[in-house]
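Colleague: I would like a close look at one part of this model, the surroundings of the ligand. Please then carry on to the rest of the fold in one connected account.

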Amino acid sequence: MSAAPGRPQASSHRSAQHEGTPVSAPRPPLKPLEQALAELLDFAVALDGVESVSTFEADGRVLAQNLLSALQVPPQDNSSMDGYAVRCADLSPAQNLLSVTQRIAAGSSGTALAPLSAARIFTGAPIPEGADAVVMQEDCDVVDDAQVRIKSLPAPGQWIRRAGEDIRRGAVVLQKGARLTPAALGLAASIGMHVLPLARRPRVALFSTGDELVMPGQVAPEAMKPGSIYNSNRFFLRTLLSRLGCQVSDLGIVPDRLDATVQALHGAAQGHDLILTSGGVSVGEEDHIKPAVQALGALDLWQIAIKPGKPFAYGRVHNAHFIGLPGNPVSSFVTFLLLVRPFLLKLQGVTELAPATFALPAHFTWARADKRREFLRVRRNPAGGLDLFANQSSGVLTSAVWADGLLDNPPGQTIAQGDLVRFIPFSEVLG
Ligand code: AMP
Ligand code: MG
């Protein structure tokens, strides 16, 4: 989300932004997301240390060094078809009968191909010396065990995969800072890497704040006291952190008291790179995160001009980074994707931090322009447009399950049917 907000394409439909009547105590303007993200990422200095990890265990992790190939892939010219390896010069419309003198399966190697002969060959088997094309078996008639008739004259190079056509010896196959996808793991294996040099996993202490919070499993739904709610943030935050390669210490629920919050933060700073909290970071009397962080370290960022997710905080507690997410589940979820995700990736040395976004037409109207940049929960429909979840309240987690992404709507902007809007698929940011 480093790009400035704005419509992917000009739209005729615009609404004026009304600032409203000034209230008695003027508050400093909220920080725009781009600025907050830039400042946040400046704090995210890559962690020291390289870990050697089995390629099997490296999904989603980040390379700490360039991977150079010590060999070429494929190692030799080989056949991409089951058929016959031939010398093109031997063949003409008048002369298309060849004697079959050898059989080369994948994993074996043949001998030099004599003139007027063919080698029975299978996919992946090395091309014998002297052969310059493969004729697929569908274009051949087997005359007898020892002879084959070539029905379609081959062009030189046909059905041959060239040595080194995928990877040249010495080439950088994957770059430092790349996140490893399943295909990248296969590529690393194709150059013989069974262990990979990876960025150290960020150690993250996670805790939830709120006296109302109860853990599923501890109290049955029918036994919930009035005012209690289940702690849902803990579940998605833990999962999101793990997907980003973090080692999570889940410190549970911290009560809404300043001393308890200070104590929890102080303890969590030991042995962790980041303390991540949810809730208690607004301006209410029961919100103790801000003063607690200020008592132990510094608060560098607080409150962002986005909706949902205004009460976001970044600071430091002793030597650890601190990020405070809002308590409302959707706010917590969205701010994690927009801000915590790139922060954690940058700690691991990832260079590509911004998700791909797409311009798609809105198949709904949005008449309520907001002063803040809004991230609406939307879903792609089969007609190629975006549908809007009806209830955009920051407490309605159903919206985040129904949706398959976020619509990034600039401040002060209404949306008309058919307007092109910026869409961030969850697939780009969930992990
Ligand atoms: P807070 O940011 O602490 O003022 O919380 C805002 C809203 O989010 C309140 O309605 C809380 O009950 C709710 N909330 C806070 N933490 C959680 C959590 N871990 N799981 C579910 N809801 C929460
Ligand atoms: Mg609270």
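Modeller: A residue counts as near a molecule if one of its heavy atoms lies within 4 Å of it. Keep in mind that this is a predicted model.

Start with ligand 1. There are 15 residues around ligand 1, and Glu212, Asn231, Gly280, Gly327 and Asn328 come nearest. The shell holds 4 nonpolar, 9 polar and 2 charged residues. Some polar pairs can be named. Asn231 brings a polar side-chain atom to 2.7 Å from a nitrogen atom of ligand 1. Ser232 uses its backbone: a polar atom there is 3.1 Å from a nitrogen atom of the ligand. Asn233 also uses a polar backbone atom, at 3.4 Å from a ligand nitrogen. On its own, ligand 1 has 490 Å² of accessible area, and the protein covers 77% of that.

Next, the helices. Helix 1 spans residues 33–43, and its buried residues are Leu33, Ala36, Leu37, Leu40 and Leu41. Viewed down the axis of helix 1, these buried residues fall within an arc of 130°, so they line one face of the helix. An α-helix has 3.6 residues a turn, so residues three or four places apart point the same way. What does the buried face of helix 1 pack against? The partners are strand 18 (297–302), strand 19 (306–307), strand 20 (313–317), strand 21 (320–325), helix 6 (329–347) and strand 23 (373–380).

Helix 5 covers residues 289–296, with Ile289, Ala292, Val293 and Leu296 buried. Down the axis of helix 5, the buried residues fall within an arc of 95°, so they too line one face of their helix. The cover over the buried residues of helix 5 includes strand 13 (203–209), helix 4 (258–269) and strand 17 (274–278). Strand 18, strand 20 and strand 21 are also part of that cover. Those three strands also pack against the buried residues of helix 1.

Now the loops among these strands. Gln303 sits in the loop between strand 18 and strand 19. Its phi is positive, about 75°, although Gln303 is not a glycine. Is Gln303 buried or exposed? The relative accessible area of Gln303 is 11%, and buried means under 20%, so Gln303 is buried.

One loop on, between strand 19 and strand 20, lies Pro308. A cis peptide bond joins Lys307 to Pro308, with omega at about -5°. The loop between strand 20 and strand 21 holds His318. His318 is not a glycine, yet has a positive phi of about 50°. His318 is partly exposed, at 37% relative accessibility.

There is another cis peptide bond elsewhere in the chain. Val73 and Pro74 are joined by it, and omega is about -5°. Pro74 is placed in the loop between strand 2 (67–68) and strand 3 (78–79).

Phe122 and Gly124 are both worth a look here. Phe122 lies in the loop between strand 6 and strand 7. Gly124 is found in that loop as well, with strand 6 at 117–121 and strand 7 at 133–136. Phe122 is buried, at 18% relative accessible area. Gly124 is partly exposed, at 30%.

Both residues have contacts beyond their sequence neighbours. Leaving out residues up to four places away, Phe122 touches Ser79, Met81, Asp82, Arg103, Ile104 and Ala105. For Gly124, with neighbours within four places set aside, the contacts are Asn78, Ser79, Ala106 and Arg161. Ser79 is in contact with Phe122 and with Gly124.

Gly124 and Ser80 are 44 residues apart in sequence, and their C-alpha atoms are 6.1 Å apart in space. Phe122 and Asn78 are also 44 residues apart along the chain, with their C-alpha atoms separated by 9.0 Å.

Last, strand 25. This strand runs over residues 405–409 and contains Asn409. At 1% relative accessibility, Asn409 is buried.

Conventions:
Residues are numbered from 1 along each chain as its sequence is written. Chains are lettered from A and ligands numbered from 1 in the order in which they are written. This is a predicted model: local features need pLDDT of at least 70, side-chain atom pairs count only at pLDDT 80 or more; totals for chains, interfaces and linings use all residues. Side-chain values use heavy atoms; hydrogens and water are left out. A polar contact is a pair of N or O atoms within 3.5 Å; within protein, one must be able to donate a hydrogen and the other to accept it, and residues adjacent in sequence count only if both atoms are side-chain atoms. Accessible areas come from the Shrake-Rupley method with a 1.4 Å probe; for residues, only the protein chains shown count as cover. Ala, Val, Leu, Ile, Met, Phe, Trp, Tyr, Cys and Pro count as nonpolar, Asp, Glu, Lys and Arg as charged, and the others, Gly among them, as polar. Helices (H or I, at least four residues) and strands (E, at least two) are DSSP runs, numbered from the N terminus. Buried means under 20% relative accessible area, exposed over 50%, partly exposed in between (1.4 Å probe, protein chains only). Contact means heavy atoms within 4.5 Å. The arc is that of the directions from the helix axis to the C-beta atoms.
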